Amino acid sequence: MSELLSNPTAAFGLIVVVALLLTALLAPVLASHDPNVIDLGNALSPPSSQHWFGTDELGRDIYSRIVYGTRISLTFIVIVSVIVGPVGLLVGTTAGYFGGWCDTVMMRITDIFLSFPSLILALAFVAALGAGLENAIVAIALTAWPPIARLARAETLTFRGADYIAASRMQGASALRIIVKSIMPMCLPSVLVRITLSMATVILTAAGLGFLGLGAQPPLPEWGAMIATGRRYMLDNWWLVAFPGGAILLVSLAFNLLGDGLRDALDPKQK
C-alpha cells in the first residue's frame, strides 16, 4: 500500500476507485434527487445549484443518475472479475503445466476468442443471449478471460520446471494439487495486475453495449445508455453527454493508473 501511495499516478487511481466504491455504497445519501423521477417542467435544464449536472430530456437529475450509475459499473467490475479471474487462471495454468495436446487445444480456443475485438465479440454474445444487464455481464466475461489465460500460461511455463515443483511431484502430489497449491499462487500477482488493467476495457465495453441499447435497459442509469439518449440533444445541451462521458473517462483512467502502480509494486523486477 505504501508503494502505491508513494506513486502519484497510482495514488490518484486508488483514490478514484475507493471513491467509486464509496459512491456506490452511499448512493442514497449522496444523490440529491431520485434518479428515476420525471419532471418535464425542468427538462433539459442546464447545471445549476438545484441540479448540479443539469437534467435530461425527461427532467431527471443527471448528477443523481451518475451517482446511482456507479452501482451498475461496480456490478460489471465485480462480477466480471469474479468470473474471469478463476477461469483464466485455471485455463492458463492447466495448459502451461500439462503442455502437449492439452496446451494446444486450450490455447487454440483462447486464440479464437482473442482474434475478435472484445466489443464485437460481446455484441455477438448479447445478440445470442438477448439484451439486458445480466446477459451483458455474461457476454463481457466471456470476452475478458483469454488475456488472463495467456498470461497465466506464460507464467506457468517459467515455473513448471522449478525445483520445488519437481520436489512436490516426487512426494506424490497430484497435478491438481501442484497447480492449485504451487503454481496458481505464483501467478496471482501478474493476474491481479492484468485484471485491474482489464477493468477499463470492461467499463468501456459495458458503456458501448449500453450505448447500443444491448446492456442495462431503461430506466436504469447506466452511463453508456445516458450518452445514447443524450446524443440527440447534445449540440444544444452539452451536459447530457459530457458528465456521463467524463465519469467513464475518469473511472477507466483510474483503473489503468492503478494497474500500472500494482505492476510496479508487485513485480520484483521493477524494484
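Let me start with a term: buried means under 20% relative accessible area, exposed means over 50%, and partly exposed lies in between, with a 1.4 Å probe and protein chains only. By that rule Asp103 is buried, at 12%.

Now the ground rules. This is a predicted model, where local features need pLDDT of at least 70, side-chain atom pairs count only at pLDDT 80 or more, and totals for chains, interfaces and linings use all residues. Residues are numbered from 1 along each chain as its sequence is written, and side-chain values use heavy atoms, with hydrogens and water left out.

Salt bridges next. Side chains of opposite charge can pair when their charged atoms come close. Here a salt bridge is a side-chain nitrogen of Lys or Arg within 4 Å of a carboxyl oxygen of Asp or Glu. How many salt bridges does that rule give? Five.

Back to Asp103. Its partner is Arg153, with the closest N and O atoms 2.7 Å apart. Arg153 sits in helix H7 (residues 133-159) and Asp103 in helix H5 (residues 100-114), so the pair ties together parts that are 50 residues apart in sequence. A word on elements: helices (H or I, at least four residues) and strands (E, at least two) are DSSP runs, numbered from the N terminus.

Stay in H5. Asp111 bridges to Arg108, with N and O 2.9 Å apart at the closest. The two are three residues apart in helix H5, so about one helical turn separates them. Buried or partly exposed? Asp111 is partly exposed, at 27% relative accessible area. Arg108 is partly exposed too, at 41%.

One more pair. Asp56 and Arg60 meet in a salt bridge, 2.9 Å from N to O. Asp56 is buried, at 6% relative accessibility. Arg60 is buried as well, at 10%.

On to helix packing. Axes are lines fitted to C-alpha atoms, for helices over the stretch in contact, and angles run from 0 to 180 degrees between N-to-C directions. Angles under 35 degrees count as roughly parallel, over 145 as roughly antiparallel, 65 to 115 as roughly perpendicular, and the rest as oblique. The axes of H10 and helix H11 (residues 239-266) come within 8 Å and cross at roughly 150°. That makes H10 roughly antiparallel to H11. H4 and H9 pack at about 140°, with axes 7 Å apart. That makes H4 oblique to H9.

Now the surface. Which residues make the nonpolar patch? Val18, Leu22, Leu25, Leu26, Val29 and Leu30, covering about 540 Å². Patches take residues with over 30% relative accessible area and no salt bridge; like charges are joined within 9 Å, and nonpolar side chains (Val, Leu, Ile, Met, Phe, Trp, Tyr) within 5 Å. Areas come from the Shrake-Rupley method with a 1.4 Å probe, and for residues only the protein chains shown count as cover. Helix H2 (8-25) and H3 each supply at least two residues. The largest share, three residues, comes from H2. Leu22 is in helix H2, and is partly exposed at 44%.

Last, two backbone points. A cis peptide bond joins Pro218 and Pro219, with omega about 5°. Pro219 is in the loop between helix H9 (175-211) and helix H10 (223-230). Leu44 has a positive phi, near 55°, in a residue other than glycine. Leu44 lies in the loop between helix H3 (27-30) and helix H4 (62-98).
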